[in-house]
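Open the model in your viewer and keep the sequence panel beside it. The stops below go from selection to selection.

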Amino acid sequence: PDGAWQDPDFAASEVVQADPQLLVDGVLARLDAAPPKRVDDAWLQGWRAADRAACNALAEGAEGEPCLLEPRAVRLLAELLPEGATLFLSSSMPVRDADGFLPPLPQRVRILANRGANGIDGVVSSALGAAAAASGPSVLLTGDLALVHDLGGLLAARRHDVRLVVVVFQNDGGGIFSYLPIASHGESVAFEENFRVAHGTQVRDAARLFDLGYERADTPRAFRGEALAPALHAGRTTLIEVPVDRDTSVSHHRRLWAAAGRAAAETLA
C-alpha cells in the first residue's frame, strides 16, 4: 500500500499499487463471476507422477544408507513425530535436508524456521520459545555449528522448564560449504579454517553443562528406538547427537539427488 518497490530480483512484469485487501477482493469477485472452464489435468497428473517417482527414489536411497546420515534421520523423525508436534528447522543444511527428504506427513505438524543471512544465530532460543508455546512435543533439527552459535540459549530450557528435543547433526563445522564450488579450492582458500570452521565442541559436554538429557545415535535403530522415541516423552530437554562423516554425507546426498532426478525424468519422458 505504500507503493514501495518490493522486487529485489527485478523479475516483476507488472506492479499494482493498491490496497492489498481491495485488490484481492476484486480478483476474487471476478473469479467467482467467471464461467467455469474445463481443465485438462494431464499436465498436473504428469508432474504428480514425477513427484511420486522422485520421492520413491529418495526413500529407497535413504533406506540403503551405509550408516545413519541426514536423509534417513529426517525420514525416521517424520515417522515418530506425533499429531500436533512442532518441528523447528535450523538454517543451512537442516532446512534443506527437510525440504529434500521429509516425506508428506499424514499427521498435522507445525513447521517453523528462522530466515535471513544470520539465520543460525539464536536458533536454539527460537526453538525453545516455540516449544514453550506449543501444546505438543517440539523438536529442533540443527547442525552443530548453529548449536554452538546459541549455546547459551540452552539455559532457558532449565530455567523455564521447557521441553525440547534437539537433534544435532554433528560434522564439526559448517557442512553446507562442502557442497559448494569453494570446497574444491582446498588449502588455496584455507577452506577448513575459513569455511568449515571446525570448533571441537562436544554435544555431550553441552548437555552436561546445562543439566540436560543426552543421547548419541549412530544407527537407525539407536536413533529411532533408543534416542528419539524416549526423548519425545521425556520430562526435560534432550540433546540427541547424530555423528555424520562430512565426505560420506556429501557423496550420499549427491547420489540421492541424481537418483531422484533420473526417476522424475523417466516418468515425464
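Select Phe195 and colour by accessibility: at 24% relative accessibility, Phe195 counts as partly exposed (buried is under 20% relative accessible area, exposed over 50%, partly exposed in between, with a 1.4 Å probe and protein chains only). This is a predicted model, in which local features need pLDDT of at least 70 and side-chain atom pairs count only at pLDDT 80 or more, while totals for chains, interfaces and linings use all residues. Residues are numbered from 1 along each chain as its sequence is written, and side-chain values use heavy atoms, with hydrogens and water left out.

Next, show aromatic rings. The whole structure holds four aromatic pairs; rings of Phe, Tyr and Trp (its six-membered ring) pair if their centres lie within 6.5 Å, and planes under 30 degrees apart count as stacked, over 60 as edge-to-face and the rest as tilted. Phe177 lies in the loop between strand S4 (165-170) and helix H8 (191-196), and Phe195 in helix H8, so the pair ties together parts that are 18 residues apart in sequence. Helices (H or I, at least four residues) and strands (E, at least two) are DSSP runs, numbered from the N terminus. Phe177 is partly exposed, at 29% relative accessibility.

Now select Tyr179 and Trp257. Their ring centres are 5.8 Å apart and their planes at 50°, so this pair is tilted. Tyr179 is in the loop between S4 and H8 and Trp257 in helix H11 (residues 246-268), so the pair ties together parts 78 residues apart in sequence. Which of the two is buried? Tyr179 counts as buried at 15% relative accessibility, whereas Trp257, at 43%, counts as partly exposed.

Move to helix H3 (residues 70-80). Ten of its eleven residues are buried, so H3 is largely enclosed by the rest of the structure. Among them are Arg72, Arg75 and Glu70.

Then go to helix H1 (residues 20-33). H1 has 14 residues and reaches 20 Å from first C-alpha to last, close to the 20 Å expected at 1.5 Å a residue. Asp19 caps its N-terminal end, with a side-chain oxygen 3.0 Å from the backbone nitrogen of Gln21.

Finally, zoom out. The protein chain has eleven helices and six strands, and buried residues make up 41% of its 269 residues.

Key:
Expected span 1.5 Å × (residues − 1). Polar contact = N/O pair within 3.5 Å; in protein donor to acceptor, adjacent residues only side chain to side chain.
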